[in-house]
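Morning, everyone. Have a look at it first.

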Amino acid sequence: MENSELIVSSSPHIKTEDNTRSIMLDVIIALAFPLGLAVFQFGWRAAILTGISVVSCAAFEYLYRKLLKKSNTLSDLSCVVTGILLAFCIPASAPYWIPVVGGFFAIVIVKQLFGGLGKNFMNPALAARAFLASWPIIMTTWPLAGVQLPLWGDIPDTFAGATPLYSLKNGVLPPEPLQDLFLGQVSGSMGEISAIVLLLGGFYLWVRGVITPRIPIAYIGTVAVLTFIFPPEGIEAWRFMLTHLLSGGLILGAVFMATDYSTSPVTKRGQLLFGIGCGLLTVFIRYFGSLPEGVCYSILIMNTCAWMLDKTGMPRRFGAPLFSRRGRAEK
């Protein structure tokens, strides 16, 4: 009879109870904080949109792998995380078919066609968010915080409200005080309106060892430094900086999306460079782009550079030249 205690696998030999399912479950728990606030601010429509997004992602993953006669991977809960993050990227006023279309793009096009979890080179939820920009009116109509949206039928135009980033884009501070940005009393996508609940979720993931603070700190810190140094004329630098940090999807992206294992570097130096790059691109798009927000596209662009950052971030042998090829014989 085979004794499992004598089986030796390849290194590293790490004894831990963590697996993909437990990690994803921790992320789901962390995402419950902003989801609860979204339901409180926008009503049960936010919960229904999130449920449709999760079910769509799970259904598309199951059907794709069933069709191609691959193993069922629903138990790892990665599709659930993708569904929640996708819902967080859309307005609570979006029609119910939007997360279905986004779920198909995220799971089938971005994730499964590249081989499944761990082989996709872009964050599926963010890639789907970029694809859903094909419906710009839907994706840029923001309901007012605190207004309970109807479950069925069209959303009245009177519910539409501008986000703080639109004010910053026009070179003025938003009318909302900073505490409203911190607590979530503003317009925006379902999962980005409150900094405090996102930070609480990030703190939970850090305590649980799911993420390290290198990428979020480098990302948010870069945005903080640049916006403090280059504020518009006539606006206090510290207030302009804090408004940028607390507005839009910066904290959501830095904590929950830029730290995605599959699409971010694994080396320490690579993670720092990744976060700095995301911050630089976010500020550049916010300042000079036609869109008020740059988090989505900055992370997607840096996703494509993760392999290069890992290569440059790897420790080198003593005496070896910088950027030398691994395994190349010395001459």
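This is a predicted model: local features need pLDDT of at least 70, side-chain atom pairs count only at pLDDT 80 or more; totals for chains, interfaces and linings use all residues.

Salt bridges, then. How many does a search of the whole structure find? The search gives 3.

Start with Arg208 and Asp26. Their side chains meet in a salt bridge, 3.1 Å from N to O. Arg208 is partly exposed, at 46%.

Next, Lys111 and Glu61. Here the N to O distance is 2.8 Å. Again the bridge links distant parts of the chain, 50 residues apart. Lys111 belongs to helix H4, residues 97-111. Glu61 belongs to helix H2, residues 44-67. Both Lys111 and Glu61 are buried.

That leaves Glu293 and Arg286. Their side chains form a salt bridge at 2.9 Å, N to O. Both Glu293 and Arg286 are buried. Hold on to Arg286, please. You will hear that name again in the helix pair.

So, the helix pair. Helix H13 covers residues 268-288, and helix H14 covers residues 295-303. They pack at an angle of about 140°, with their axes 8 Å apart. How do we class that angle? Roughly antiparallel would need over 145 degrees. H13 and H14 are therefore oblique to each other. Their crossing is right-handed.

Who makes the contact? From H13 we have Leu273, Phe274, Gly277, Cys278, Leu281, Thr282, Ile285 and Arg286. From H14 we have Val295, Tyr297, Ser298, Ile299, Ile301, Met302 and Asn303. By class, that contact has 10 nonpolar, 4 polar and 1 charged residues. And there is Arg286 again: part of the H13 contact with H14, and salt-bridge partner of Glu293.

Last stop, Ser167. Where is Ser167 placed? Helix H7, residues 164-169. What does Ser167 touch, leaving out residues up to four places away in sequence? The list is Val172, Leu173, Pro174 and Pro175.

That's my set. Questions, please.

Terms used:
Residues are numbered from 1 along each chain as its sequence is written. Side-chain values use heavy atoms; hydrogens and water are left out. Axes are lines fitted to C-alpha atoms, for helices over the stretch in contact, and angles run from 0 to 180 degrees between N-to-C directions. Helices (H or I, at least four residues) and strands (E, at least two) are DSSP runs, numbered from the N terminus. Angles under 35 degrees count as roughly parallel, over 145 as roughly antiparallel, 65 to 115 as roughly perpendicular and the rest as oblique. A crossing is left-handed if the near helix is turned anticlockwise from the far one by less than a right angle, and right-handed if clockwise. Contact means heavy atoms within 4.5 Å. Ala, Val, Leu, Ile, Met, Phe, Trp, Tyr, Cys and Pro count as nonpolar, Asp, Glu, Lys and Arg as charged, and the others, Gly among them, as polar. A salt bridge is a side-chain nitrogen of Lys or Arg within 4 Å of a carboxyl oxygen of Asp or Glu. Buried means under 20% relative accessible area, exposed over 50%, partly exposed in between (1.4 Å probe, protein chains only).
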